[in-house]
Amino acid sequence: YTFLLIKDKNYFPTIDSKKKLEKILSMQKKNLKSSNSLRSSLLTRRTELICLEFDIKGICVLRRISRAELLREARISMKEELDRLQILHNSLASEKNLNKPLLKTMNEKDKQRLLQFFRGSLQSRDIRQVDPAFSAKPALWVRHNAILVSLEQIRAVILYNKLFLFDPDNPKVQRAVKIISERLGKIVERDIDMSSMPYEFCALEGILVNVCMSLEKDFASLEPTILENLDDLPTRLTSRQLEELRSFKQRLSQFSARSQDVQRVLQEVLEEDENMINMYLTEKKFHPKQFRNPVEHDEIEILSESYLQVVDHLTNRAELLDNAIDDTEDLVTIRLDTIRNRILFVELTLNIIALAFGAGSLVVGMFGMNLGIPVFKEEFSSQIYFFLCVFIILGSVISLYWWLFFWCKEKGLYST
């Protein structure tokens, strides 16, 4: 409307045109509001994560949690440490009347310790490891206030009293829910094996049990079919058998990569004493002033070693099966080479026979020329000369064949 007035000063809109323009403007405002609301909802969905929250009794509920809320939940267990840092900061600031940041006034040793403390706590960037929107590598990260697990599509954050299990629509996660609930429920039931273990170890064991069961199930579906194929392959060498062997080897390679990733993660945990000490989240929450000896971590060490043995066993069996496939492939290659050598043997034999008969046909061709030979004109003598020539030619062919045979054998071109 304004554009039309500027363009043409003699333009006077009617009442209908004004109503149409007002409707268009109101529709555009509604569309703008809806697009803004949609954009804001998408942003909130990106920042929020859907997870299953397990409490101390093993009861899980579906929850939508943001990254800030997850960090706040994790920092509850570090409240006393943060309060002490705040008191220390206030005391230093009051003593020295600081007007600049504390890090600039601290010595290098205290600065490194403080930075190391904050790096060891759960950060916002660590949540990407358990966010289903990101592709994360297998890992088990230990922080001062949480344990992050990303193994076999199981992504979880373990606190001293809670477990957040992400991507609940994943079938592997749905299978893990029952195992984790049973493990955590044994704490309430005062089970002999589980009552002495803290909450975080029971939750971690439930995840490791599910990971090992998933690996065992996948390997149990691979091993019998591969062994059956390997037994049939030497006796029935077909293209279909070779194609099945190729697909089985590809699946076995994928399984080996998965089991080796889990093996590597557990070995890294066992190699770091500091990480194993930091995994005692319940003790750090309720006894913050007690410091554990760096070598006293028997519970988590035994727990990790027991499941590492299971993964090692599966990895070794997968390697043996892969070696059996390689040996079978070598045997198939040798057998194909043998068949090819036999074909070459037959081909060489036929070539020698053809060469010998070709030499005989040369003589026959010479005698078959249209020339006058006096011997053939004599009476009763042509039949004798005919049989004599036939025997001489056949003898020459056989002699030439045996001479070529022994010559090829002497040169290594002909082997039985």
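Buried means under 20% relative accessible area, exposed over 50%, and partly exposed in between, with a 1.4 Å probe and protein chains only. The model is predicted: local features need pLDDT of at least 70, side-chain atom pairs count only at pLDDT 80 or more, and totals for chains, interfaces and linings use all residues. Residues are numbered from 1 along each chain as its sequence is written, and side-chain values use heavy atoms, with hydrogens and water left out.

**Overall make-up**

- The protein has 13 helices and 6 strands; helices (H or I, at least four residues) and strands (E, at least two) are DSSP runs numbered from the N terminus.
- Of the 416 residues in the protein, 33% are buried.
- Among contacts between residues at least 6 apart in sequence, 64% join residues at least 24 apart, where contact means heavy atoms within 4.5 Å.

- The 6 strands of an open sheet follow the order 2-1-6-5-4-3, with antiparallel pairing; two strands pair if DSSP finds at least two bridges between them.
- Strand 2 (60–66) and strand 3 (139–142) are the edge strands, each pairing on one side only.
- Direction ignored, neighbouring strands of this sheet are turned by 20° against each other on average. Axes are lines fitted to C-alpha atoms, for helices over the stretch in contact, and angles run from 0 to 180 degrees between N-to-C directions.

**Strand 5 and its partners**

- Strand 5 is covered on both faces: Ile154, Ala156 and Ile158 are buried on one side, and Arg155 and Val157 are buried on the other.
- Strand 4 (residues 147–151) pairs with strand 5 in the antiparallel sense over 5 bridges, and leucine 151 stands opposite isoleucine 154.
- A hairpin with 2 residues between the strands is formed by strand 4 and strand 5, and glutamate 152 in the turn has a positive phi of about 50°.
- Strand 6 (residues 163–166) pairs with strand 5 in the antiparallel sense over 3 bridges, and isoleucine 158 stands opposite leucine 163.
- Strand 5 and strand 6 also form a hairpin, with 4 residues between them.

**Positive phi in loops**

- Most residues other than glycine have a negative phi.
- Glutamine 153, in the loop between strand 4 and strand 5, has a positive phi near 65°. Glutamine 153 counts as partly exposed because its relative accessibility is 45%.
- Aspartate 167, in the loop between strand 6 and helix 6 (171–188), has a positive phi near 55°. The relative accessible area of aspartate 167 is 27%, so this residue is partly exposed.

**Leucine 70**

- Leucine 70 is in helix 3 (residues 67–75), and its relative accessibility of 1% is why it counts as buried.
- Leaving aside neighbours within four places in sequence, leucine 70 is in contact with Ile65, Ile127, Val157, Phe164 and Phe166.
- Leucine 70 and isoleucine 127 are 57 residues apart along the chain, and their C-alpha atoms are separated by 8.8 Å.

**Helix 7 against the sheet and helix 8**

- Helix 7 lies across strand 1 (48–54), strand 3, strand 4, strand 5 and strand 6, and runs at about 175° to strand 5.
- Helix 7 (residues 199–232) packs with helix 8 (residues 239–271) at an angle of about 155°, their axes 10 Å apart.
- The two helices are therefore roughly antiparallel to each other; angles under 35 degrees count as roughly parallel, over 145 as roughly antiparallel, 65 to 115 as roughly perpendicular and the rest as oblique.
- The crossing of helix 7 and helix 8 is left-handed, meaning that the near helix is turned anticlockwise from the far one by less than a right angle (clockwise is right-handed).
- Residues in helix 7 that meet helix 8 include Leu208, Val211, Leu215, Phe219 and Leu222. On the helix 8 side, the residues include Leu245, Phe248, Leu252, Phe255 and Val262.
- The residues of this contact divide into 13 nonpolar, 5 polar and 5 charged. Ala, Val, Leu, Ile, Met, Phe, Trp, Tyr, Cys and Pro count as nonpolar, Asp, Glu, Lys and Arg as charged, and the others, Gly among them, as polar.
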